[in-house]
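Subject: Structure for you to look at

Hello,

Here is the structure I said I would pass on. Please open it first, then read the notes below it.

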Amino acid sequence: MILTVIYAILIFCLLIFVHELGHFTTAKLVGIRVNEFSIGMGPQLCHFQRGETEYSLRAFPIGGYVKMEGEDEDSEDERAFNNRPAWARALVLIAGSFMNLLSAVLIITIMVLVVGTATTTVGQVSRGMPAEAAGIQAGDRILTIDGAPVEEWTDVNRLVGEAQGETVQIAVERDGKELSLESGVAVSEDGRKVIGIMTEPRHAVWPAVQSGVLCIADWTKQMVSYLGQLFTGKGSMEDLVGPVGIVSLINDQAKNGFLYVANFMALISLNLAIINMLPLPALDGGRVLFLIIRCFTGKAISDETEAKIHFAGLILFFLLMIYLIVQDVGRFIIH
């Protein structure tokens, strides 16, 4: 369990660092003065000054922040956040979530690159299975099954699973020649129809990137759909987890291996990206919303008033965090 806690702390710190690095780098690029770059919350453990910015590591790995001049108060400094153009401030606010989104895609891409993407070429033939008896060999490229074209490896599983008889006709390409083979069909322990072949994975960058993007896009749709259900009352707060629940889930994933931990890390990173862009006080999305409102209303809402609203939102999020911790303790520890 101690190792799991270390895993969790490293994951939190890394993802928070990436998020805050997005804010920090963009702020520097658009000319905003950054007073402090901090990882963690609470008392300082260590810090150093470089130029105009103080860099610090704080005791509790539950957050972090980039303290920009004029972000939460009025400032006369021409490089203050409140004195920069609206487009520059919007870029800074969006940059944190963008970095988390990019990190999620990168993690999945690297995972797919390591594992490989499926091809229609046979990589392995299981001994004693119908494919071996039919003469199918590693390196054969499957063209058709029962006359139906095979364009992806999923087609192989689907067509074999849909086979009506006790055999399937398989056309393969071997050494530039097309061969027609007949294979029996077996039934696996989970009830699936199989012939005993595995794909030869391809380790190529572009297909891995495509898989990473498609995976994150699918996860995003699911998360946005769930948030919609939550805000309309169709979802349940019991589906949410806090820090304790996340540590428990990391522990479960760690038992299955590093790739499962990396997959869960990508999921957390995407969650950070989406949650931070919700149009709620204290979140980056809430700040962007105020930025848009103030583009139309001018100084009707002062920097001080906006700061108070965000502070109230921060208190509410801390209360939500306490609620989730209590809920998680009941579900994952006491239960």
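**Notes on the salt bridges and the overall fold**

At 22% relative accessibility, Glu-52 counts as partly exposed, since buried would need a value under 20%. Please keep in mind that this is a predicted model.

With a relative accessibility of 30%, Arg-79 is partly exposed.

The other partner is Lys-28, whose salt bridge with Glu-52 has its closest N and O atoms 3.4 Å apart. Lys-28 belongs to helix H1 (residues 2-29) and Glu-52 to the loop between strand S1 (34-50) and strand S2 (53-68), so this pair ties together parts that are 24 residues apart in sequence. Lys-28 is also partly exposed, at 33% relative accessibility.

As background, side chains of opposite charge can pair when their charged atoms come close.

A further salt bridge joins Glu-173 and Arg-141, with 2.9 Å between the closest N and O atoms. Glu-173 sits in strand S6 (residues 167-174) and Arg-141 in strand S4 (residues 141-145), so the pair ties together parts that are 32 residues apart in sequence. Both count as partly exposed: Glu-173 at 31% relative accessibility and Arg-141 at 34%. The count for the structure comes to 10 salt bridges.

Now the chain as a whole. The protein chain has nine helices and 10 strands. Its radius of gyration is 26 Å, well over the 20 Å that the globule rule gives for 335 residues, so the chain is more spread out than a compact globule. Along the principal axes, the C-alpha atoms fill a box of roughly 80 × 50 × 40 Å.

Buried residues make up 40% of the 335 residues. The accessible surface comes to about 18,900 Å², and 63% of that belongs to carbon and sulfur atoms. Of the contacts between residues at least 6 apart in sequence, 60% join residues at least 24 apart. Finally, the chain has 24 positive and 36 negative charges, and the mean positions of the two sets are 4 Å apart.

Regards

Note on methods:
Residues numbered from 1 in each chain as written. Predicted model: local features only at pLDDT ≥ 70, side-chain atom pairs only at ≥ 80, totals over all residues. Heavy atoms only, no water. Helix = DSSP H or I, 4+ residues; strand = E, 2+ residues; numbered from the N terminus. Rg over C-alpha atoms; globule rule 2.2 N^0.38 Å. Buried < 20%, exposed > 50% of the residue type's maximum accessible area, 1.4 Å probe, protein only. Contact = heavy atoms within 4.5 Å. Areas by Shrake-Rupley, 256 points an atom, 1.4 Å probe, with all protein chains shown as cover. Lys, Arg positive; Asp, Glu negative; His and termini not counted. Charge placed at Lys NZ, Arg CZ, Asp CG, Glu CD. Salt bridge = Lys/Arg side-chain N within 4 Å of Asp/Glu carboxyl O.
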